Amino acid sequence: MSTPRTSFGRMALNGAAGLSLGFILLPLIFVTWLAFFRQEIPSFPPEGYSLKWFSAVPGNKNFVEGFVLSLQVGVLATLIGLLLGVPASLALVRHRIALGPAVNTLLLLPLVMPGIVLGTSLYVFQIETEIATGLPLLGSLAGLVAAHTLVVVPWVVRLVTASLQGSDRSIEEAAQNLGAGPLTTFWRITLPSIRPGIVAAGLFGFVTSFGNLEMSLFLVGPGRITLPIAILQYLEWKIDPTVAAASVIQIVLIGAAMIITDRYVKLSRVV
Amino acid sequence: MARLSIEHLNKKYGDLTVVDDVTIDIADGEFLVLLGPSGCGKTTTLRMVAGFVPPSAGKLTIGTRDVTTLPPWKRNCGLVFQSYALFPHMTVAENVAFGLEMRKVSPADRGPRVAEALRLVQLAGFDERYPRQLSGGQQQRVALARALAMEPDVLLLDEPLSNLDAKLRQEVRVEIRDLQRKLGLTTIMVTHDQEEALTMADRLVVMEKGQVRQIGTQRELYEKPADRFVAGFIGRSAFLDGEIAAPGRFRTKGGLDIACGAATATGAATLALRPERIAVADEAAGCANRFEAKVEHASYLGALLDIHVSLSEHDRMLLQIPNRQGAAEPKPGETITIGWGQDAGLVYPRED
């Protein structure tokens with residue numbers, strides 16, 4: 001039995017939750033709606049509906065190349081981010097290392113740093129490095145991947161440390177007690193027990209990299225642009241729903257990735 | 001299966017000594033219990049034997065092998081964790097087979113040994129279950145089977161029953177003990193539960209503040225506690241503070257003069273008496289020490305009655321009398337006669 005007071009509280013909570021959800025979903029709904037408008041200049045009400053903008057996306061060279069590059073950078077940055085972030089998390093959680101909390105904060109920092117600031121600093125850094133070493137870093141795939149790794153690592157560290165803290169340390173000791181060396185223990189026991197955290201970290205890291213605009217703006221070179229930049233550049237000249245269609249394709253792909261991942265690891269339990 | 005010797009084992013964290021010069025010899029097939037209040041160093045001692053805590057000093061020998069500096073995975077000690085520590089992503093059979101796999105036992109040979117281990121703990125047929133699908137008691141058995149399957153030289157049990165409910169705990173005690181006897185496993189168990197320790201052990205080690213206070217059988221610990229701590233920790237004792245005035249005479253703070261055979265060296269001392277060895281009313285008639293005592297508080301415990309009495313302004317004690325049919329139950333405020341023989345008390349140096 002709920003008293004009037006608690007039912008009012010519940011209603012207020014549901015209302016606030018609904019409002020927030022609407023706030024998040026509304027742009028997505030509008031973009032999706034817009035992608036099916038027939039007319040070139042978006043205006044309400046729509047004059048009719050069409051699928052032609054979707055077919056325009058694969059025809060646009062910038063979008064296709066941008067998609068391929070974003071995919072490459074995202075996958076590479078995620079893999080490197082995991083290779084760096086998982087051992088870092090292990091060191092932070094399982095071993096008492098000097099300045100542990102400071103290192104932890106440092107690893108999370110790129111997440112709170114504004115993209116513009118990050119982009120500018122990396123731009124300067126890459127130019128200086130290029131001048132000093134002669135390596136063509138700025139605008140290269142390597143330079144872009146290195147920068148994106150920076151924004152993937154915080155996700156990995158955050159999610160994997162949380163996973164490690166939640167996993168029972170004694171199962172690792174049990175494995176060692178049963179005759180497993182440190183490496184076997186890691187592969188057979190530690191890794192499977194933090195797998196949901198790693199999968200979630202990979203997914204969120206990839207999505208962050210894939211959608212990154214501000215930082216990438218500084219680091220791409222001629223003929224090598226990521227999908228968000230291709231969309232931005234397209235918007236400078238045209239505002240037809242092709243951009244909306246490209247966004248819908250992205251939403252569907254990322255949504256599908258989330259749903260598939262969630263089937264194997266319950267994301268809500270990790271994040 | 002082997003004997004285990006712990007020699008002058010020491011563990012320091014900075015200035016803090018958590019295990020202080022512990023020496024214990026455990027015979028082949030013996031069931032030894034480390035008993036003590038929390039923080040007494042018993043678990044650290046066990047973890048040093050298992051290899052998870054490097055000793056600051058001392059030597060550990062299993063059979064003829066010096067294992068002091070060996071890592072955990074080379075010690076061949078089967079440890080049952082308090083939390084069971086089953087691998088959540090593996091089935092029961094995979095959990096139990098893990099130790100065999102690490103010892104490079106071929107898959108064909110693992111099957112029968114896993115089945116045998118599960119049969120020993122009465123979990124045959126649970127092979128394909130996952131730990132989360134088992135009850136606490138079943139998980140505990142899997143943990144035990146996993147430790148047994150690898151045929152350890154020494155079995156280590158870290159408070160293995162503390163997460164089970166009271167009724168199950170009593171059953172499992174007996175089961176573990178039977179299994180240990182049948183397999184002839186040298187075993188160390190850590191517990192803070194006195195009853196558990198007394199029912200299961202061949203010998204007990206009472207620890208406090210990192211030190212071994214006494215090693216002995218149940219009877220030795222109860223009848224001849226080495227110090228005041230053991231006298232209060234194993235079973236209960238009534239303590240009277242005072243001094244030994246002359247050999248054979250103990251004088252309490254409140255001025256009572258007590259005949260006590262154990263009082264030899266003179267000086268400040270504490271007299272310890274077992275509450276159930278104190279006679280009441282007519283039964284006290286022939287005792288060397290007899291006093292009028294005022295009942296302060298009486299508790300009805302079913303089979304027993306706990307009576308708190310005061311003998312003088314400074315001397316209070318506990319006695320325990322059987323709840324016989326028709327026996328009078330002393331009420332608070334009553335004065336009763338109590339008594340004990342001159343061999344009933346033990347004397348320890350005063351700790352104040």
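Author: Domain bounds come from an automatic or database domain assignment. For chain B, that assignment gives domain 1 (4-228) and domain 2 (236-349). The C-alpha centres of these two domains of chain B lie 40 Å apart. This is a predicted model: local features need pLDDT of at least 70, side-chain atom pairs count only at pLDDT 80 or more, and totals for chains, interfaces and linings use all residues. Residues are numbered from 1 along each chain as its sequence is written, while chains are lettered from A and ligands numbered from 1 in the order in which they are written.

Reader: What makes a set of residues a nonpolar core?

Author: Its members are buried Ala, Val, Leu, Ile, Met, Phe, Trp, Tyr and Cys residues, joined through C-beta atoms within 7 Å. Buried takes 20 or more other C-beta atoms within 10 Å of the residue's own; 12 or fewer is exposed, in between is partly exposed, and C-beta atoms are placed from the backbone. The largest such core holds 100 residues, and B:Val96 and B:Leu156 touch the most other members.

Reader: Why is this core said to lie between domain 1 and domain 2 of chain B?

Author: Both domains give residues to the core, so it lies between them. A second, separate core has 45 residues, including A:Phe67 and A:Phe204.

Reader: How do you know which residues B:Leu156 is in contact with?

Author: Contact requires C-beta atoms, placed from the backbone, within 7 Å. Leaving aside neighbours within four places in sequence, B:Leu156 meets that with B:Leu46, B:Val49, B:Ala50, B:Cys77, B:Gly78, B:Leu79 and B:Ile188.

Reader: What makes up the contact of chain B with chain A?

Author: It takes 18 residues from chain B and 15 residues from chain A. On the chain B side, strand S6 (77-80) and helix H2 (92-102) each supply at least two residues. H2(B) gives the largest share, 3 residues. Helices (H or I, at least four residues) and strands (E, at least two) are DSSP runs, numbered from the N terminus.

Reader: Why are strands S11 and S12 of chain B called paired?

Author: Pairing needs at least two bridges found by DSSP. S11 (residues 238-246) and S12 (residues 249-252) of chain B have 4 bridges and run antiparallel, so they pair. B:Gly242 stands opposite B:Thr252 in S12(B). The two strands form a hairpin with 2 residues between them, and B:Gly248 in the turn has a positive phi of about 85°.

Conventions. Two residues are in contact if their C-beta atoms, placed from the backbone, lie within 7 Å.
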